[in-house]
Structures are given as C-alpha cells and as structure tokens.
Amino acid sequence: MALRLIEIVLPEDTAKEVQDVLEESQVNQVWLEKNSDKQILIQLLVPAQKSEAVLDVLEKRFSTREGFTIVLLPVEAALPRSEEPEPESSYPEDQASSGEPAQTKIGRISREELYHDVLDVTQFSKVFFVMVVLSSLVAAIGILRDNVAIIIGAMVIAPLLGPNVALSLATTLGDEKLGRTALKTLLVGILVVTAVSVSVGVFVPFDITTLHEVITRTEVGLGDIALALSSGMAGTLSFTTGLSTTLIGVMVAVALLPPLVTFGLLCGAHEISMAMGALLLFVTNVVCINVSGVATFLIQGVRPISWWEATTAKRATRKAMLIWGLLLVALVLLILFSQRA
C-alpha cells in the first residue's frame, strides 16, 4: 500500500482545532510538535489514495491562517505495517454537503501530487530540448535502418507524451496556465522533431520501398485509433496512480515520435503524398491521447477543490471534449474514405 507523509505548519493556537478536524477525517497516525515562532508542526501518515481528501479538508479550513504550509512526501516504507484501508467510493462529507455530486476515486494519488508530477515533464527546458533532438535522431536512424529495436529506444525517451497528458489535465481542471505551458512545450517539441527529421531526410538518401518501418507509418486504420485511445488511457492511469514503471510500456505503445519523424524524413525526401499519411497517424495519436486522457481524469474524479473553479473547469472540459470529439470523428471519416479510395 502506497503511503504519503503530510506535514502541516500552523499557528500554535490552532492545535485543538486541527486535532478535531483530523479526527473527523479518520486520520489516526498523527504527530504534533511545537517549534519556534509560536507555530506547530503536524505530521500525518495516510494512504496515497486518501491524501487528496485530507489535503482538501485542511486547505479549506486553514488556508487563510498565517504561516499555513503543507508539504506532501512519498513514503518508501513504514513500521509497523499499516492495514489496508476500506475502499472509498466518494469524497468526504464536507464536499458532498457543498451541493456537488460525489465522485468515485479509483486508487489514485492526490490532485496536487498529480499536478506537480505532470508539471515536471511539461516544462520547456534545455534538457527537454536536448531530449527531443536526441530522440528524433535515434528514431530517424532506427527508421532508416529499418531496425525496430532502435525505434523502440526512441519511443522510451518519449518527450512528447508529458505535454499531451498535461494538456488533458489542464482541460479537466480548467487551468489556463498549465494549458498554455503544455501547448507551448508540445508545439516547440513538434517543430524541433520536424526540423531534425527533415534535415536528415534531405542529407541522407534512402529507398522508401525497402523500408518497412516507413511504409507502416504512412498507413492509418481504425485499429490505430483503438490503440491510441487505449494507450492514452493507460498513460493517464500511470500518472494518476504513480506507477512510473508502467509508463515505459505506454510510451512504446502510443508511439508519438516515430510517425512525426517519418513525416519529416519523407518531407525531406520530397515524398509529400506519403508524408501526409505519417502526419495523419501522428495527429490521430495526439487527438486520441487527449480524448482518453480527459475521459480518464474525469472518471477518476480529478477536479478543482473550490466550486467556482469546478464550474469553470466543467465549461472548459465540455468545450475541449467537443473539439477533440469532432476532430476524432473527422479523422475516422478521413480514414474510412482513404481506405475505400
């Protein structure tokens, strides 16, 4: 069972109130100590899936108090071993009493932990730029050599998956700042991958008819949509449950980078007609990842803490899902039309 250690700093005069709140939230493992400046430090050991409910209760009750600070830490192990908690089917009573419908949570980490994990893989930086360039070169070499093992290596690096998941989370939370960051990073990444692969395609001659890995990425079918939707959902679950090892397999399955690199290589070789097929596969993957990502976040009950933010998020989610849905329908129709032609 995954555990989290929550540390809260509050004014000393809130000690009794904090204990009452934690007792109502059924948090049993609590340590309290006084420190300097008339403050107290409270430490809580809670299951990872319960941490969001506890954080929400504490933030609602004490966020306006001077010096209020919360730190959330992962716990590798704790002794004596904690018993498995009862399955929770809804948010705490204080959320239900606010008039908002209870939502089911499927063993996920807290909203704040999820937000910071996603943000870490979304920020544009020198490291991200270098990773995009290197993964593009690895994918291009693998495709030109028709070597699946090298291509899988580029998939595992997968720098473009994080911004897509972040865009889905931003849509679900109605977070414009995160959405802008994710979109900017994604667009820059796409431009860099395209520029690198087009350059390789211009200067490295290759025979398209002998490269199976090129041909397979210029043909799109309904199976590719099913694969991308499933992979997008699995990728989102990997973030929400904190199972980073599962993410490796998802990176390989969803394969965002190879179709885009194939598009660039074919453009560099002036094979524009075939390049459009690779671009269609890449766009299909992006759309499906975002559709399934938003759907998975909604199913898992990821939403803002306050009711006014939740209202804004619902509007943003409806608009975004309408756009993504229309794009998905258009892609399906385009695929069906191209197959009949």
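Student: Why is Lys16 called exposed?

Tutor: Its relative accessibility is 54%; exposed means over 50% relative accessible area, buried under 20% and partly exposed in between (1.4 Å probe, protein chains only). Lys16 therefore counts as exposed. This is a predicted model, in which local features need pLDDT of at least 70 and side-chain atom pairs count only at pLDDT 80 or more, while totals for chains, interfaces and linings use all residues. Residues are numbered from 1 along each chain as its sequence is written, and side-chain values use heavy atoms, leaving out hydrogens and water.

Student: What makes Asp20 and Lys16 a salt bridge?

Tutor: The definition asks for a side-chain nitrogen of Lys or Arg within 4 Å of a carboxyl oxygen of Asp or Glu. The closest N and O atoms of Asp20 and Lys16 are 2.9 Å apart, so the pair qualifies. Asp20, at 31% relative accessibility, is partly exposed.

Student: Why is the contact of Lys34 with Glu12 called a salt bridge?

Tutor: Their N to O distance is 3.3 Å, which is within 4 Å, so the term applies. Lys34 lies in strand 2 (residues 30–35) and Glu12 in the loop between strand 1 (3–11) and helix 1 (15–24), so the pair ties together parts 22 residues apart in sequence. Helices (H or I, at least four residues) and strands (E, at least two) are DSSP runs, numbered from the N terminus.

Student: How do you know that Glu12 is partly exposed?

Tutor: Its relative accessible area is 33%, which falls between 20% and 50%, so Glu12 is partly exposed. Lys34, at 61%, counts as exposed.
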